[in-house]
Number of protein chains: 2
Amino acid sequence: MSIITIERKILAKNDEMAEMNRELFNREKIFAFNLVSSPGSGKTSILERTLEHLNGKIRIAVIEGDVQTDFDAQRVAKYNVPVVQIVTRGGCHLDALLVQDALKKISLQNIQILIIENVGNLVCPANYDLGEAMKVVIVSTTEGDDKPLKYPGMFLNASALIINKIDLLPYVNCNLNQLKQNALQINPKLRTFETSCTIVTGISEWCDWIVKHIQK
Amino acid sequence: MSIITIERKILAKNDEMAEMNRELFNREKIFAFNLVSSPGSGKTSILERTLEHLNGKIRIAVIEGDVQTDFDAQRVAKYNVPVVQIVTRGGCHLDALLVQDALKKISLQNIQILIIENVGNLVCPANYDLGEAMKVVIVSTTEGDDKPLKYPGMFLNASALIINKIDLLPYVNCNLNQLKQNALQINPKLRTFETSCTIVTGISEWCDWIVKHIQK
């Protein structure tokens, strides 16, 4: 019972920090979203295609979260956007305080979109508010169509679902309609996108949608 | 600081329970292994192909761990083996106590191999000993070749690595040699296997290897 109480206290403390981040984003008119998925679903690839598509048109900053290595920050840095890498050293999710520390290392002036790429984990990051406007969950077709039902928390807490790697549909055991149906059964409000970063499809539709969320 | 202490206490308690499970496995001469991976890497598919291959030859029991649903237990039950489903209801890993409770629901007499399929998560299950003889980590080619470096804990704590979905290599951005090299850089003792559950390859090599671990 004491463990549950402590966990609640940790989450309450996190929510307080998240609220501070949220106030900062609103003050600076930044649309911040939290990109979550299993390892290898394509978070960084979607991020790269997004930066490519919006390059020169929208001012974007990125916070990268990884258990280990700064590979993702290196990939993102090629697009000439401000990027900070958080290495959790074993930690299974980002929290609002880690994001708050990372924000101190970015000049937020004139930034319109902040993309926070979380640790690859379809379970734990669902419970941690970072102060973002929304969570965007990615699932790849190679993971099968049952994931929303097996990991409902993440789909329930997300505003959008990107179904990635649709170029691999002919080769994998995944029914696209079933996958969407399963996701919408958990969260009927999910906005869904279908993408491939290899054959580059669905990226402009996704980018048009996020651009609409930029704060005026 | 107090949080760290509590975490240590939880892990110490878990280790105590794990030791009890280990003693039970040794007493009953059961080779138990803990199957871990990201969601959708193919844990249940590898399990199904393993049950198919060893059917009638080796007496196997299965414990399934999932955040939600009993889909995996339903899939496994078709092979006429004793199976218990643990639903963690949001929990990101199995622990030794959950396994201990599940063990009470299986008749262990004459069981030679116990396969524990963990929750799909490449981070948290690395830290929890369930009393198993070894962890076996699965990574699929669709996740890319950098995962061992980005999620080192799991590869460090595993005895074997199954590289699954090798039939998809022509379609994905994954260098098989690089993936193996990255895994062996983290843990040079890893025994590696290359499998596909779709074109059914590598399964007999993997099964021959686990059969060698059966306690006499």
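Reader: How far apart are the end C-alpha atoms of helix 2 of chain A, and what span should its residues have?

Author: The model is a predicted one. Helix 2 of chain A covers residues 43–54, which is twelve residues. At 1.5 Å a residue, these should span 16 Å. The end C-alpha atoms agree with this expectation, being apart by 16 Å.

Reader: Which residue with a positive phi follows helix 2 of chain A?

Author: The phi in question is near 85 degrees. The residue that follows helix 2 of chain A with this positive value is A:Gly56.

Reader: In helix 2 of chain B, is B:Thr50 buried or exposed, and which residues does B:Thr50 touch?

Author: B:Thr50 lies in helix 2 of chain B, residues 43–54. Its relative accessibility is 2%, so B:Thr50 counts as buried. Leaving aside residues up to four places away in sequence, B:Thr50 touches B:Ile115, B:Ile203, B:Trp206, B:Cys207 and B:Ile210.

Reader: Where is A:Asn110, which has a positive phi although it is not a glycine, and is A:Asn110 buried or exposed?

Author: The phi of A:Asn110 is about 70 degrees. A:Asn110 is placed in the loop between helix 4 (96–103) and strand 4 (113–117) of chain A. Exposed means over 50% relative accessible area. With a relative accessibility of 51%, A:Asn110 therefore counts as exposed.

Reader: What is the relative accessible area of B:Lys29, another residue with a positive phi that is not a glycine?

Author: B:Lys29 has a phi of about 55 degrees. Its place is the loop between helix 1 (2–27) and strand 1 (31–36) of chain B. B:Lys29 is classed as partly exposed because its relative accessible area is 42%.

Reader: Which residues does A:Gln100 touch, not counting residues up to four places away in sequence?

Author: A:Gln100 lies in helix 4 of chain A. At 14% relative accessibility, A:Gln100 is counted as buried. Beyond its sequence neighbours up to four places away, the residues touched by A:Gln100 are A:Met17, A:Met20 and A:Asn21.

Reader: What is the angle between the planes of A:Phe193 and A:Trp206, which form an aromatic pair?

Author: The whole structure holds eleven aromatic pairs over all chains. In one of them, A:Phe193 and A:Trp206 lie 5.7 Å apart centre to centre and are edge-to-face. The angle between the planes is 75 degrees.

Reader: Which residues do ring pairs link into a cluster in chain A?

Author: A:Phe31 and A:Phe33 are both buried, and A:Phe193 and A:Trp206 are buried as well. Ring pairs link these residues with a further one, giving a cluster of A:Phe31, A:Phe33, A:Phe193, A:Trp206 and A:Trp209.

Reader: Which residues touch the most other members of the largest nonpolar core?

Author: This core has 50 residues. The largest share of the core, four residues, comes from helix 7 of chain B. The residues that touch the most other members are A:Val137, A:Phe155, A:Leu161, B:Val137, B:Phe155 and B:Leu161.

Reader: What rotation superposes chain A on chain B?

Author: The superposition has an RMSD of 0.0 Å, with 0.0 Å of shift along the axis. The two copies are thus related as by a two-fold rotation axis. The rotation is 180 degrees.

Reader: What area is buried between chain A and chain B?

Author: In the contact between the chains, 33 residues of chain A meet 33 residues of chain B. A:Pro39, A:Lys150 and A:Tyr171 lose the most area in chain A, together 23% of what that side buries. Carbon and sulfur atoms give 66% of the buried area, which is about 2,600 Å².

Methods. Residues are numbered from 1 along each chain as its sequence is written. Chains are lettered from A and ligands numbered from 1 in the order in which they are written. This is a predicted model: local features need pLDDT of at least 70, side-chain atom pairs count only at pLDDT 80 or more; totals for chains, interfaces and linings use all residues. Side-chain values use heavy atoms; hydrogens and water are left out. Copies are superposed by least squares on the C-alpha atoms of residues with pLDDT of at least 70 in both. Helices (H or I, at least four residues) and strands (E, at least two) are DSSP runs, numbered from the N terminus. Buried means under 20% relative accessible area, exposed over 50%, partly exposed in between (1.4 Å probe, protein chains only). The expected span of a helix is 1.5 Å times one less than its number of residues. Rings of Phe, Tyr and Trp (its six-membered ring) pair if their centres lie within 6.5 Å; planes under 30 degrees apart count as stacked, over 60 as edge-to-face and the rest as tilted. A nonpolar core is a set of buried Ala, Val, Leu, Ile, Met, Phe, Trp, Tyr and Cys residues joined through side-chain atoms within 4.5 Å. Contact means heavy atoms within 4.5 Å. Buried area is the accessible area (1.4 Å probe) that two parts lose on being put together, summed over both.
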